[in-house]
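Please look over the model below before reading the points that follow. They cover the contact between two chains, then one chain and one of its residues.

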Amino acid sequence: MNLTEAIQSIDFDEVIDRMNAYAFSQLKSVGVKTFNGKEPIDFVGEVILKVMEGQRDWSKANCSFTEFLFGCLRSEISNFFKTNKNIYDNELPEISTTDQSFSVEPIRNSISEILKLEGADDEELTVFEYWADGITKPSEIAKDLGISVKEVYNITKRLKRRLPKIQTQVKNII
Amino acid sequence: MSNEIKNKINDALFNFYLEADKDIIKDSLKRDIQNLDEYNKKKKQIIFLANAKAKQKHNEYLLALANKFQEAVLQNIEKPVAILKQLIQGNASLALYRNLDKLSKEDIIEIIKDKNLVELLEQLDDNDKSH
């Protein structure tokens, strides 16, 4: 599938919304609103153009075009935070290559405790446990719990809002 | 260890934004974006530019391939000629192009335009390397 066909295969408008929302969430996780003055939509636009210009090679990708665009965005954001490490000391991690679960149980338990103290309910703690086990796809969590994916989205939304609040405390224990 | 935990949380958030319902994404954008008109305008520009770039890239590939094929036909290089013949044979609407010697660049573009250009270019490059 060439790039023109790839673009036609997706709802581009909607994918850009998704990418933008993801970029916003990554900025929030380090407590800023822009990429050194650049709006998330501008950052997303630059990533998309890199794909269209072949700087990020879609022809060798082994996934859907949406996943490819998202992967590029994630990688570009990670590079941005790495380059600006002096400004964002809580830089985002590189793309994970491991599927191991958290190997140190006390840390995992401590984060659960902090989440609980910050008001996380049982559902949020359960979803966090899945993440800690390396199960991070909402559809997989929903299937395992026997609930709808929409419910997992809603729980994740609540949990996601709590994460920036616990960041400092988590940093103190790891 | 800290990175391992961050990775898991980041994986989960990545999957959330990749898979979440349209409505959830729209809600989150409504909260985050202060000027929706400006945002939508920028989004339209990105889509326009992306389409234009993709088309430009496609045309560049087409032209590069057409040049390579034309050169190969002139020099009667076995593999590219065989590829071209195969493309013509596989499509009844291209029966007009049976005489390879008389193919213009435009004719070749017509023959290859709907094919997987990246794959064709790789096949030709492989052929170049083996010679």
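**Notes on the predicted model**

1. Chain B and chain A bury about 5300 Å² between them, and carbon and sulfur atoms give 63% of that area. Buried area is the accessible area (1.4 Å probe) that two parts lose on being put together, summed over both. K8(B), F14(B) and Y17(B) supply 13% of the area that chain B buries against chain A, more than any other three residues.

2. This is a predicted model, in which local features need pLDDT of at least 70 and side-chain atom pairs count only at pLDDT 80 or more, while totals for chains, interfaces and linings use all residues. Residues are numbered from 1 along each chain as its sequence is written, chains are lettered from A and ligands numbered from 1 in the order in which they are written, and side-chain values use heavy atoms, with hydrogens and water left out.

3. In the contact (heavy atoms within 4.5 Å), chain A takes part with 63 residues and chain B with 45 residues.

4. Nine salt bridges are counted between chain B and chain A, a salt bridge being a side-chain nitrogen of Lys or Arg within 4 Å of a carboxyl oxygen of Asp or Glu. One of them pairs K137(A) with E19(B), whose closest N and O atoms are 3.8 Å apart.

5. On the side of chain B that touches chain A, α1 (2-19), α2 (22-32), α3 (36-74) and α6 (117-129) each supply at least two residues. Helices (H or I, at least four residues) and strands (E, at least two) are DSSP runs, numbered from the N terminus. The most comes from α1(B), with 18 residues. By type, this side of chain B has 21 nonpolar, nine polar and 15 charged residues; Ala, Val, Leu, Ile, Met, Phe, Trp, Tyr, Cys and Pro count as nonpolar, Asp, Glu, Lys and Arg as charged, and the others, Gly among them, as polar.

6. Chain A has eight helices and zero strands. Of its 174 residues, 49% are buried, meaning under 20% relative accessible area (1.4 Å probe, protein chains only). Among contacts in chain A between residues at least 6 apart in sequence, 60% join residues at least 24 apart.

7. Leaving out residues up to four places away in sequence, R162(A) touches L115(A), E118(A), G119(A), A120(A) and E124(A).

How values were computed. Buried < 20%, exposed > 50% of the residue type's maximum accessible area, 1.4 Å probe, protein only.
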